[in-house]
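Biologist: I have a protein model to go through. Can we take it question by question?
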Amino acid sequence: MQEAGDGDFYGLHTENGQSVLVLAQGAGPWVSGVAWKTPQLAQQYKHKKFKDLYYQDDQ
């Protein structure tokens with residue numbers, strides 16, 4: 001993950017064979033969002049939590 005400043009982080013990652021941008025925040029840092037290349041992919045995976053990413057409510 002690359003720090004964007006003041007507790008916000010972003011990084012490239014691969015999920016389901018697609019390159020995505022992962023957005024994270026906080027001391028964790030915890031995933032706050034995953035940006036997909038197309039609106040169709042974003043819609044398809046909008047409620048999916050990936051096992052290899054760390055979400056705040058996973059605690």
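Biologist: What share of the contacts in the protein with a separation of 6 or more comes from residues 24 or more positions apart?

Modeller: Contact means heavy atoms within 4.5 Å. The model is predicted, so local features need pLDDT of at least 70 and side-chain atom pairs pLDDT 80 or more, while totals for chains, interfaces and linings use all residues. Residues are numbered from 1 along each chain as its sequence is written, and side-chain values use heavy atoms, without hydrogens and water. Among contacts with a separation of 6 or more, residues 24 or more positions apart account for 21%.

Biologist: Is L23 buried or exposed, or in between?

Modeller: Buried means under 20% relative accessible area, exposed over 50%, and partly exposed in between (1.4 Å probe, protein chains only). L23 is found in strand β3. Not counting residues up to four places away in sequence, L23 touches F9, Y10, W30, V31, S32 and G33. Its relative accessible area is 35%, so L23 is partly exposed.

Biologist: What separates the C-alpha atoms of L23 and V34?

Modeller: The two residues are 11 residues apart along the chain. Their C-alpha atoms are separated by 6.1 Å.

Biologist: How many residues make up the largest nonpolar core?

Modeller: A nonpolar core is a set of buried Ala, Val, Leu, Ile, Met, Phe, Trp, Tyr and Cys residues joined through side-chain atoms within 4.5 Å. Of the 59 residues of the protein, 25% count as buried. The largest core holds V20, V22, V31, W36, L41, Y45, F50, L53 and Y55. V31 touches V22, L53 and Y55, among others. The core's residue count is nine.

Biologist: Why is the pair of W36 and Y45 called stacked?

Modeller: Rings of Phe, Tyr and Trp (its six-membered ring) pair if their centres lie within 6.5 Å; planes under 30 degrees apart count as stacked, over 60 as edge-to-face and the rest as tilted. The whole structure has four aromatic pairs. In this one the centres are 4.6 Å apart, and the pair is stacked because the planes are at 20°.

Biologist: Which residues form one aromatic cluster?

Modeller: W36 counts as buried, at 12% relative accessibility. Y45 is buried at 17%. Y45 also forms a tilted pair with F50, at 6.2 Å centre to centre and 50° between the planes. The cluster is W36, Y45 and F50.

Biologist: Which side chain meets K49 in a salt bridge?

Modeller: A salt bridge is a side-chain nitrogen of Lys or Arg within 4 Å of a carboxyl oxygen of Asp or Glu. By this rule the count is one. The N to O distance is 2.8 Å, and the partner is D57.

Methods. Helix = DSSP H or I, 4+ residues; strand = E, 2+ residues; numbered from the N terminus.
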